[in-house]
Amino acid sequence: MSDLRMLPVPDGLEGMRVDAGLAKLLGLSRNTVAGLAESGEVLLDGAPVGKSDRLIAGGLVEVTLPDARPEPEVVAVPVEGLRILHQDDDIVVVDKPIGVAVHPSPGWEGPTVIGGLAAAGVRIATSGAAERQGVVHRLDAGTTGVMVAAKSEHAYTALKRAFKERTVEKRYHALVQGHPDPSSGTIDAPIDRHPKHDYKFAVVSGGKPSITHYETVEAFRAASLVDVKLETGRTHQIRVHFSAVRHPCAGDLTYGADPVLARRLQLGRQWLHARMLGFEHPADGQWVTFTSDYPDDLQHALDTLREQDS
């Protein structure tokens, strides 16, 4: 049976989009609310509303929810290329390969970091939703590199706080098209879901504050290798910011990369790698850092550029 929810719109959601506001109010994903609105299952004061319509404080919202679906389960399956860089009683640090999600999610049938760790006999913290227990931050399936998960409950709490308070140092390397001007600088532009395409994000007025610092490490004729330090951690932040300044990550066709250059460099995904992660260890507060080498596809792209420029 379906589940009908009726509740007033709080003052704090005044003027918010239906998908964003009801996602907060009901604890659902924004995509789920958008789908319900498109199916006519969301009413505001008795009238159907679309996902981009605005909420009115005090209005009566009626949402018809479908039968609850079981949460995706963590399946212990070995993940090829997943390397454990360090582990102790509190944390496990891994080098994530291409094509691996961090945790199970609806619609994802591929390998996951959590499933790979389970297959390797690594027990992680039980805090968090069942399918992402121990997860304190994420990398896109198409982004490789270093990440940490919590093994103890204390570590989970401490690391979640550290990421929220931005005391973690996250350094990425990205190969971006062209030559950013200036060669070192900061991109400060708000990010939110793309107004026309829900599967990607964009720089939009009124989005979440997002700050990216970068420094050019090596310049080629067609592209630049940049070292990136994130001050905030929005979804797709590096990809969105460099696309917005017309220097998309090489191979990132979703965000406007040149497909000709991608083919020349034999890139099947964005050239973006989580190079270094530093944080205070939850056990003793000592600062620790972990680094990840470039995987073969990214190294090949760099070698190709160097050969062509020589």
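User: Is Asp 19 buried or exposed?
Analyst: Asp 19 is buried, at 1% relative accessibility. Buried means under 20% relative accessible area, exposed over 50%, and partly exposed in between, using a 1.4 Å probe and protein chains only. This is a predicted model, where local features need pLDDT of at least 70, side-chain atom pairs count only at pLDDT 80 or more, and totals for chains, interfaces and linings use all residues. Residues are numbered from 1 along each chain as its sequence is written, and side-chain values use heavy atoms, with hydrogens and water left out.
User: Which residue does Asp 19 form a salt bridge with?
Analyst: Arg 30, with the closest N and O atoms 3.2 Å apart. Asp 19 is in helix α1 and Arg 30 in helix α2, 11 residues apart. A salt bridge is a side-chain nitrogen of Lys or Arg within 4 Å of a carboxyl oxygen of Asp or Glu. Helices (H or I, at least four residues) and strands (E, at least two) are DSSP runs, numbered from the N terminus.
User: How many salt bridges does that rule give?
Analyst: The count is 14. One of them joins Arg 239 and Asp 140, at 3.4 Å.
User: Where do Arg 239 and Asp 140 lie?
Analyst: Arg 239 lies in helix α5 and Asp 140 in the loop between α3 and β7, so the pair ties together parts 99 residues apart in sequence.
User: In what sense do β6 and β7 pair?
Analyst: Antiparallel, over 6 bridges. Two strands pair if DSSP finds at least two bridges between them. Val 94 stands opposite Met 147 in β7.
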